[in-house]
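I opened my notebook for a quick look through one structure.

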Amino acid sequence: MKLQRKNRLRATALGALAVSGALVLTACGSDDNTESTGSGDKTAAASNIKCDDAKGQVLAAGSSAQKNAMDLWVKNFQQACAGVEINYQPIGSGGGITKFTQGQVAFAGSDSALKPEEVTASEKICKGGKGINLPMVGGPVAIGFNVPGVDSLVLDAQTLAKIFDSKIKKWDDKAIADLNPDAKLPSTAIQAFHRSDESGTTQNLNKYLKAAAPAEWNYDDSSKSWEAKGGQAASGSSGVASSVKDTEGAIGYFELSYATASNLTTVKVDTGAGAPVEATTENASKAIAAAKVKGTGNDMALELDYATKAEGAYPIILVTYEIACDKGNKAETLPSVKAFLNYTVSDEGQKVLSEAGYAPLPTEIAAKVREIVPTLS
């Protein structure tokens with residue numbers, strides 16, 4: 001069954017390429033997988049990379065959701081551009097933004113757009129400019145669980161909110177049973193895991209629960225820190241996924257690639273549509289396709305509809321941005337940052353992801369980002 005589920009997820013990822021507006025990130029490898037690209041000629045892809053004046057080391061940090069994508073991009077970029085090292089640390093969105101606003105990294109990865117106060121903080125580092133959000137990849141935040149004897153589970157926003165807020169404590173609770181009349185739910189205690197680090201993944205889950213279950217979720221949906229009561233903490237998406245896999249009765253949230261790598265079954269979400277929606281790349285793309293640009297000027301921050309009830313649209317989604325200064329970048333790293341981001345958003349960079357089971361940026365958003373990157377100064 002696990003093998004079938006893996007194949008189904010891979011097939012779905014490829015199918016998502018045909019969906020307009022797809023902005024999906026899901027990897028077909030483990031958290032530490034830096035070698036496999038799925039298929040495709042890496043050398044051929046790398047040969048089209050324009051290195052320009054790229055040289056030296058570029059430090060970057062942030063989102064762990066895009067780690068597997070970064071691994072692919074960095075490997076191909078460094079193969080093409082001798083003498084350049086892109087050192088990306090997947091420490092979480094909050095940590096990446098902190099390092100960026102403190103001037104410790106050339107760019108950051110974040111699963112949520114900069115807050116106004118973070119933009120203000122960036123002005124001290126971006127002399128004469130500010131930090132801007134450049135969307136690069138996106139995808140579903142899966143809810144994985146480990147309940148022996150239960151291989152299919154449906155939950156809605158209200159029930160998820162109560163589970164993660166420690167108000168539902170047993171797997172055979174009536175609220176869960178009502179949503180799963182055919183499941184043999186045990187009386188096992190629920191072990192809910194959340195991120196210990198500041199995380200855009202946490203923030204996107206917050207936004208979903210606040211939008212879809214406002215009466216049950218009374219926490220700040222702009223926070224990257226976990227604020228709900230109880231539960232157990234783990235570091236990074238890989239840490240949460242590992243904890244769920246190793247703990248009977250566990251449930252947690254992480255990007256779909258981590259669920260796939262850990263062989264974890266994921267929750268189908270009852271959104272109020274005709275049928276519960278599975279966490280797949282194709283279903284996430286249906287929700288992300290409706291995203292609107294809310295940023296101004298060269299800022300490409302997107303507004304997502306977490307409360308969607310569209311048929312087949314998976315609502316717990318995120319978009320990962322690369323955050324850089326529009327002006328005031330350090331002269332020694334600027335050429336390399338521009339060359340690298342030009343590659344990641346290029347046809348070649350996006351094609352590498354699609355060949356590995358990822359879906360590329362939608363044409364209209366990629367075109368806008370391609371116009372912005374060369375203007376960084």
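**Ground rules.** I am working with a predicted model, where local features need pLDDT of at least 70, side-chain atom pairs count only at pLDDT 80 or more, and totals for chains, interfaces and linings use all residues. Residues are numbered from 1 along each chain as its sequence is written, and side-chain values use heavy atoms, with hydrogens and water left out.

**Overall make-up.** I found 14 helices and 13 strands in the protein; these are DSSP runs numbered from the N terminus, helices being H or I with at least four residues and strands E with at least two.

**Burial and surface.** Of the 377 residues, 56% are buried (under 20% relative accessible area, with exposed over 50% and partly exposed in between; 1.4 Å probe, protein chains only).

**Contacts.** I took contacts (heavy atoms within 4.5 Å) between residues at least 6 apart in sequence, and 77% of them join residues at least 24 apart.

**Positive phi.** Which loop holds Asp52? I traced Asp52 to the one between helix H2 (42–47) and strand S1 (56–62). Asp52 is not a glycine, yet its phi is positive, about 50°. Asp52 counts as exposed because its relative accessibility is 58%.

Next I noted Asn263, also not a glycine, with a positive phi near 55°. Asn263 lies in the loop between helix H10 (256–261) and strand S9 (265–266). With 25% relative accessibility, Asn263 counts as partly exposed.
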